[in-house]
Amino acid sequence: MIQLDIDADEVRYIDLNIVKNDQHFFPGMAEDEGSASNDFTHEPGVSREEITRRYAQWANSSKYEKDLREEVYQGPSIAADTVAHYFPDENSRKTARILDVAAGSGFVGEKLKNKGFETIHALEPCGQMLQLALEKGVYSKTFQNYLNGHALDIESG
């Protein structure tokens with residue numbers, strides 16, 4: 001989910017959950033490509049801490065960026081296009097504040113920046129993924145935490 005803060009009186013939430021193996025999001029992914037790593041990170045029954053550890057392992061292997069490259073994984077482009085649809089003019093993109101939840105290595109942040117959004121923050125529980133995102137230089141602020149129903153120390157409004 002990406003939170004879009006339009007102004008102090010109105011907040012829009014756009015649910016951009018990705019459905020695994022949907023060819024719309026993964027048009028070029030062979031079964032043995034990044035799919036195996038994605039399956040490993042989201043194995044049913046594992047704790048969120050274990051999922052985070054697996055993402056860290058994937059990030060440290062230098063394979064994450066390759067496994068989910070644009071010609072294989074279309075999710076970030078689709079997400080950015082969807083957000084841009086709600087902010088059709090350039091000025092609204094400059095003033096929007098976006099929280100990229102589960103930002104990973106920053107693929108969505110890059111796409112949003114390329115579409116003219118200027119204030120993009122990242123929320124990501126995995127430190128290694130957040131480090132990859134920071135290296136891209138698209139986020140104004142980053143937060144290493146889980147989105148878990150408890151209040152986070154993130155400025156709003």
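Predicted model: local features only at pLDDT ≥ 70, side-chain atom pairs only at ≥ 80, totals over all residues.
Ser62 belongs to the loop that runs between α2 (48-60) and α3 (64-67). Its phi is near 65 degrees, a positive value in a residue other than glycine. Ala102 is not a glycine either, and its phi is positive at about 60 degrees. This alanine sits in the loop between β3 (97-101) and α6 (107-114). With a relative accessibility of 56%, Ala102 counts as exposed.

**Surroundings of Glu124**

Ala102 is also among the residues that Glu124 touches; the others, leaving aside residues up to four places away in sequence, are Ala103, Gly104, Met129, Leu130, Phe143, Gln144 and Asn145. Glu124 itself is placed in the loop between β4 (119-123) and α7 (127-135). Although Glu124 is buried, it has no salt bridge. The nearest side chain of opposite charge is that of Lys136, 11 Å away, whereas a salt bridge would need a nitrogen within 4 Å of a carboxyl oxygen. A polar atom of the Glu124 side chain does lie 3.3 Å from the backbone nitrogen of Ala103.

**Aromatic pairs**

Across the whole structure, a search finds five aromatic pairs. Two of them are set out below.

| Pair | Distance of centres | Angle of planes | Class |
|---|---|---|---|
| Trp58 and Tyr64 | 4.7 Å | 80 degrees | edge-to-face |
| Tyr64 and Phe107 | 5.9 Å | 15 degrees | stacked |

Tyr64 takes part in both of these pairs. Both Trp58 and Tyr64 are buried; for Tyr64 the relative accessible area is 9%. Phe107, with a relative accessible area of 14%, is buried as well. Because Tyr64 lies in helix α3 and Phe107 in helix α6, their pair ties together parts that are 43 residues apart in sequence. Ring pairs join Tyr55, Trp58, Tyr64 and Phe107 into a cluster.

**Helix α4**

How many residues does helix α4 have, and how far does it reach from its first C-alpha to its last? Helix α4 comprises 12 residues, 75-86, and reaches 17 Å, close to the 16 Å expected at 1.5 Å a residue. Its buried residues are Gly75, Pro76, Ser77, Ala79, Ala80, Val83 and Ala84.

Terms used: Residues numbered from 1 in each chain as written. Heavy atoms only, no water. Helix = DSSP H or I, 4+ residues; strand = E, 2+ residues; numbered from the N terminus. Buried < 20%, exposed > 50% of the residue type's maximum accessible area, 1.4 Å probe, protein only. Lys, Arg positive; Asp, Glu negative; His and termini not counted. Polar contact = N/O pair within 3.5 Å; in protein donor to acceptor, adjacent residues only side chain to side chain. Contact = heavy atoms within 4.5 Å. Expected span 1.5 Å × (residues − 1). Phe/Tyr/Trp six-rings, centres within 6.5 Å; stacked < 30°, edge-to-face > 60°.
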